[in-house]
Amino acid sequence: MASRYSTIRKCAFGFAFLFLAVYSLDYVPGITGANGKMFGLFSMTTFVDVGHLALGTLALISGFVGSRTARVYFWFLGFFYAADVINYVITHLHVVSPLTNLLVNLPHTIISIAAFLIAAKVSKQSTDAVSALA
């Protein structure tokens with residue numbers, strides 16, 4: 001039996017879980033270090049929290065709407081996070097050590113690359129077309 005959701009829609013649900021989990025972690029006692037940063041590295045401001053909540057919600061909505069919407073979401077996410085990484089690296093060149101800069105940007109870099117790969121490579125054939133072939 002064919003799955004009800006295409007692979008790209010399942011990816012959108014996975015990213016929704018990821019972003020909503022990160023949003024939720026900011027409210028779990030003990031996750032924030034003595035320096036006020038999550039895991040000692042990540043500054044979690046209200047703006048960042050709203051960003052994670054919005055990206056998680058958009059991923060969830062795009063997963064339910066359809067494959068095309070999910071693909072647009074992943075293109076948007078890839079560009080948004082790539083811009084975020086570039087902006088952070090440039091604005092923090094002489095503020096934090098290169099190792100800290102790398103560690104802080106690594107999750108966003110990985111997410112940006114993954115989003116681009118999903119948008120470009122995940123099967124563009126819809127679930128309906130696959131079901132019709134079976």
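Q: What share of the chain's contacts with a separation of 6 or more come from residues 24 or more positions apart?
A: It's 71% of the contacts in the chain with that separation, where contact means heavy atoms within 4.5 Å. Keep in mind that this is a predicted model, where local features need pLDDT of at least 70, side-chain atom pairs count only at pLDDT 80 or more, and totals for chains, interfaces and linings use all residues. Residues are numbered from 1 along each chain as its sequence is written, and side-chain values use heavy atoms, with hydrogens and water left out.

Q: Ok, how many helices and strands are there?
A: Five helices and zero strands. Helices (H or I, at least four residues) and strands (E, at least two) are DSSP runs, numbered from the N terminus.

Q: How much of the chain is buried?
A: Buried residues are 30% of the 134 in the chain. Buried means under 20% relative accessible area, exposed over 50%, and partly exposed in between (1.4 Å probe, protein chains only).

Q: Where's the kink in helix 4?
A: At Leu 106, shortly before the proline Pro 107, and the kink is about 40 degrees. The bend at a residue is the angle between axes fitted to the seven residues ending there and the seven starting there.

Q: What span should helix 4 have, and what does it have?
A: The 24 residues of helix 4 (98-121) should span 34 Å at 1.5 Å a residue, and the end C-alpha atoms are 32 Å apart, which agrees. The expected span is 1.5 Å times one less than the number of residues.

Q: And what covers the buried residues of helix 4?
A: The cover includes helix 1 (7-25) and helix 3 (67-91). Among the buried residues of helix 4 are Asn 101, Ile 111 and Ala 115.

Q: How do helix 3 and helix 4 cross?
A: Their axes come within 8 Å and cross at roughly 155 degrees. Axes are lines fitted to C-alpha atoms, for helices over the stretch in contact, with angles from 0 to 180 degrees between N-to-C directions. Helix 3 and helix 4 are therefore roughly antiparallel, a label for angles over 145 degrees.

Q: Switching topic: is Asp 49 buried or exposed?
A: Asp 49 counts as buried, at 5% relative accessibility. Its place is in helix 2.

Q: Which residues does Asp 49 touch?
A: Tyr 23, Asp 26, Tyr 27 and Met 44, not counting residues up to four places away in sequence. Asp 49 and Tyr 23 are 26 residues apart in sequence but 5.7 Å apart in space, C-alpha to C-alpha.

Technical notes
Angles under 35 degrees count as roughly parallel, over 145 as roughly antiparallel, 65 to 115 as roughly perpendicular and the rest as oblique.
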